[in-house]
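Subject: Structure handover

Hi,

Here is the structure I promised to pass on. Please open it beside this email and follow along.

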Amino acid sequence: MKEIADRRSIRKYSECEISDEDIRDIIESGILAPSAKNRQPWKFIVVKGRQKEEMLDVFRRGIMREETEDALLINSRQHLAAAKYTIKIMEQAPVSIFVMDAQGKGLFTPLNEEDRIYEIVNVQSIGAAIQNMLLAATEKGMGSLWVCDIFFAYQELCEWLGEEGDLLAAVALGYPQEAPHARPRKRLEDVTVWKE
């Protein structure tokens with residue numbers, strides 16, 4: 001419960017490196033997440049060092065395409081400034097872990113009802129894995145940011161990563177240079193229905 005209460009979305013990081021052992025521990029915590037029918041659909045791609053700058057360039061190109069050419073998220077252009085800010089955050093973080101649904105059918109693939117349900121439950125499983133990773137990072141004194149702005153550069157990042165499956169998110173990791181207050185949450189009474 002302590003890590004659940006203490007976890008924050010961190011947007012400022014120190015230059016301190018993260019050991020490969022700590023990265024492995026954090027990913028192992030993701031692997032321990034529950035998954036529907038034990039499919040364990042996740043795949044993790046760790047980006048750091050020299051590859052980080054290349055990834056950031058690819059991310060920038062995707063955002064530029066969203067601004068000037070055929071946009072994937074045509075009705076979300078008001079969020080492009082936030083996506084550019086996310087790149088600045090990822091520049092500071094020494095590690096980014098891209099999280100994929102290795103069993104994904106493809107973002108643009110038409111699905112029948114059964115396949116759509118499989119996709120939904122795989123995404124839930126991967127969400128649990130990401131949350132485990134964020135909590136493990138918190139327990140180690142690290143900061144993290146669950147990044148979904150990757151969809152503004154979805155095609156470019158998928159091509160650069162070169163892995164099968166669907167890219168779902170990224171996690172920025174590093175030692176925090178800020179200590180944000182808890183963000184407001186809805187009250188239990190406002191989001192819970194009891195049927196007795």
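Predicted model: local features only at pLDDT ≥ 70, side-chain atom pairs only at ≥ 80, totals over all residues.

**The cores**

In soluble globular proteins, nonpolar side chains tend to be buried together. Here, the largest nonpolar core has 29 residues. Which of them have the most contacts inside the core? They are M55, F59, M90, F98, I150, L157 and L167.

Several helices and strands build this core. The helices α3 (50–68), α4 (80–92) and α6 (154–161) each supply at least two residues. So much for helices; the strands β1 (42–48), β2 (95–101), β3 (143–147) and β4 (166–174) also each supply at least two.

Take a look at I150. Leaving out residues up to four places away in sequence, I150 touches F59, F98, L157, L167, L168, A169 and A170.

There is also a second, separate core of 22 residues. Among its members are I27, A33, I126 and L134.

**Helix α3 and its two partners**

Two packed helices are described by the angle between their axes and the distance between the axes.

By class, the contact of α3 with α6 has six nonpolar, three polar and four charged residues.

Now turn to α3 with α4. Their axes come within 10 Å and cross at roughly 175°. That makes α3 roughly antiparallel to α4. On the α3 side, the contact is made by K52, M55, L56, F59, R60, I63, E66 and E67. On the α4 side, L80, A83, K84, I87, M90, E91 and Q92 take part. The contact of α3 with α4 divides into eight nonpolar, one polar and six charged residues.

**Helix α6**

Which residues of α6 are buried? They are Y154, E156, L157, C158 and L161. What covers them includes β1, α3, β2 and β4. After α6 comes G162, whose phi is positive, near 65°.

**A buried serine**

S125 sits in helix α5 (residues 113–139). Is S125 buried or exposed? A residue counts as buried under 20% relative accessible area. S125 has 5% relative accessibility, so S125 counts as buried. Setting aside neighbours within four places in sequence, S125 is in contact with A33, P34, S35, A36, P41 and W42.

Most residues other than glycine have a negative phi, and most peptide bonds are trans. K37 has a positive phi, near 55°. Q40 has a positive phi too, near 45°. Where are they? K37 is in the loop between α2 (20–31) and β1, and Q40 is found in the loop between α2 and β1 as well. K37 is exposed, with a relative accessible area of 76%. Q40 is partly exposed, at 36%.

Best wishes

Terms used: Residues numbered from 1 in each chain as written. Heavy atoms only, no water. Core = buried A, V, L, I, M, F, W, Y, C linked by side-chain atoms within 4.5 Å. Buried < 20%, exposed > 50% of the residue type's maximum accessible area, 1.4 Å probe, protein only. Helix = DSSP H or I, 4+ residues; strand = E, 2+ residues; numbered from the N terminus. Contact = heavy atoms within 4.5 Å. Nonpolar A, V, L, I, M, F, W, Y, C, P; charged D, E, K, R; others polar. Axes fitted to C-alpha atoms, helices over the stretch in contact; angles between N-to-C directions. Parallel < 35°, antiparallel > 145°, perpendicular 65-115°, else oblique.
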